[in-house]
Amino acid sequence: MKRLISLAMALAVTMLLMLSVSGSGGRRVVTVVLNGETVTFDTPAYIENNRTMVPLRAVAEALGLEVTWDQTSATAWLSDGSWTPSLQGRTIVVDPGHGGSSTGAFYGGTAESRLNLAIAQALAEELRALGASVVMTRKTDVDVSLADRAAMANRLKADLFLSVHCNVSLTNSSARGVYTAYHGGSAQSRRAAELLKNAMVSAAGVPDMGAHDRSDLAVLRQTKMPAVLLECGFMSTPEELEQLRRPEHQRALAQGAAYGAALFLSAAS
Ligand SMILES: [Zn+2]
């Protein structure tokens, strides 16, 4: 982290960062110009006690850093990719949703079960690259019961259970983005669901569809460790389905999810 901070500082110093001040009511609003381009903020930068208060995300993203936010611990992780948290010694069960006779959603000739498997395989690779030992509930297009998926994770005493799915909207034909689900009875699962969703949104550049209490889902109810169901995008939206089929997009989603998982487990107490 120290290395990252010094890198960010070096970047900030070498880039032309110009702050100018204009009056606005009680607070002085600050305009930030980075390399000649004005940085846009959703809430304006301002001066307080002779310090310039600038929204972190907008500046970090303008500097090319990825930002992941954890509401519970009020932590913002900034990364330029040169630092990654470790999953050494952790066991993670990756569960590609559906399979075999259960295709899940089916749009444009693509079965959800196949998309889930492709994304889950990329996720397993990314998690292993961070040091985790990963077990998949299925590696091919076969039927596995929901009870067996949860039982496998419980038997292994896994640190985290991640179920990979793709979404459908019957009411909004332009719905896009990542949606995660957790069991409302587990505060840790909720925290993991928010962290993974935030990291996936950031890594894949897709809309944030929120983290939701879905205690009705069997795999979330029956697993004894923190568990998150990832809805990676909407198959019912043709443009997003096109994206979901692309290996580079699957990889970006997987990298985000793995990074979120590693942040969750490295900070979990
Ligand atoms: Zn599904």
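Trainee: What makes β8 and β12 a pair?
Mentor: The model is a predicted one. Two strands pair if there are at least two bridges between them, and β8 and β12 have 5 bridges, in the parallel sense. One place to look is V94, which stands opposite L162 in β12.

Trainee: How many bridges join β8 to β11?
Mentor: There are 4 bridges, and β8 and β11 run parallel. At least two are needed, so β8 and β11 count as paired. V93 has V135 in β11 as its bridge partner.

Trainee: Why is β8 called largely enclosed?
Mentor: Because 5 of the 6 residues of β8 are buried. A residue is buried if 20 or more other C-beta atoms lie within 10 Å of its own.

Trainee: What is the order of the strands in the sheet?
Mentor: The order is β11-β8-β12-β15-β13-β14, in an open sheet of 6 strands with mixed pairing.

Trainee: Why do β11 and β14 stand at the edges?
Mentor: β11 (133–136) and β14 (208–213) each have a single partner strand, so one side of each has no neighbour in the sheet. Direction ignored, neighbouring strands of this sheet are turned by 20° against each other on average.

Trainee: Which helices pack on the sheet?
Mentor: Helix α4 (residues 146–156) packs on the sheet and touches β8, β11 and β12. The direction of α4 makes about 175° with that of β8. Helix α7 (residues 238–245) also packs on the sheet, touching β12 and β15, and its direction makes about 115° with that of β15.

Trainee: Which strand is joined to β14, and by how many bridges?
Mentor: Strand β13 (residues 178–182) is joined to β14 by 4 bridges, and the two run parallel. T180 stands opposite A211 in β14.

Trainee: What makes β6 and β7 antiparallel partners?
Mentor: Strand β6 (residues 66–70) and strand β7 (residues 75–79) have 5 bridges in the antiparallel sense. The cut-off is at least two bridges, so the pairing of β6 and β7 counts. T68 has W77 in β7 as its bridge partner. β6 and β7 form a hairpin with 4 residues between them, and A74 in the turn has a positive phi of about 50°.

Trainee: How do you know that the buried residues of α7 are on the same side?
Mentor: In α7, E240, Q243 and L244 are buried. They cover an arc of only 100° around the axis, which puts them on the same side of α7. An α-helix has 3.6 residues a turn, so residues three or four places apart point the same way. The face of α7 turned away from the buried side carries the exposed residues E239 and E242. The buried residues of α7 pack against α3, β12, β15 and α8.

Trainee: Why is α8 called largely enclosed?
Mentor: 15 of the 21 residues of α8 are buried, so α8 is largely enclosed by the rest of the structure.

Trainee: Which residues have the most contacts inside the largest nonpolar core?
Mentor: They are I92, L123, L127, L162, L196, A257 and A261, in a core of 62 residues. Helix α8 gives the most to this core, with 10 residues. Leaving out residues up to four places away in sequence, L127 touches L87, I92, A132, V134, A258 and A261. In soluble globular proteins, nonpolar side chains tend to be buried together.

Trainee: Why is G99 called buried?
Mentor: G99 has 23 other C-beta atoms within 10 Å. The cut-off is 20 or more, so G99 is buried. G99 is found in the loop between β8 and β9 (106–107).

Trainee: What separates the C-alpha atoms of G99 and D141?
Mentor: They are separated by 4.9 Å, although G99 and D141 are 42 residues apart along the chain. Neighbours within four places aside, G99 is in contact with S113, R138, D141, V142, D143 and V144.

How values were computed:
Residues numbered from 1 in each chain as written. Predicted model: local features only at pLDDT ≥ 70, side-chain atom pairs only at ≥ 80, totals over all residues. Axes fitted to C-alpha atoms, helices over the stretch in contact; angles between N-to-C directions. Contact = placed C-beta atoms within 7 Å. Core = buried A, V, L, I, M, F, W, Y, C linked by C-beta atoms within 7 Å. Buried ≥ 20, exposed ≤ 12 C-beta atoms within 10 Å, placed from the backbone. Arc of directions from axis to C-beta.
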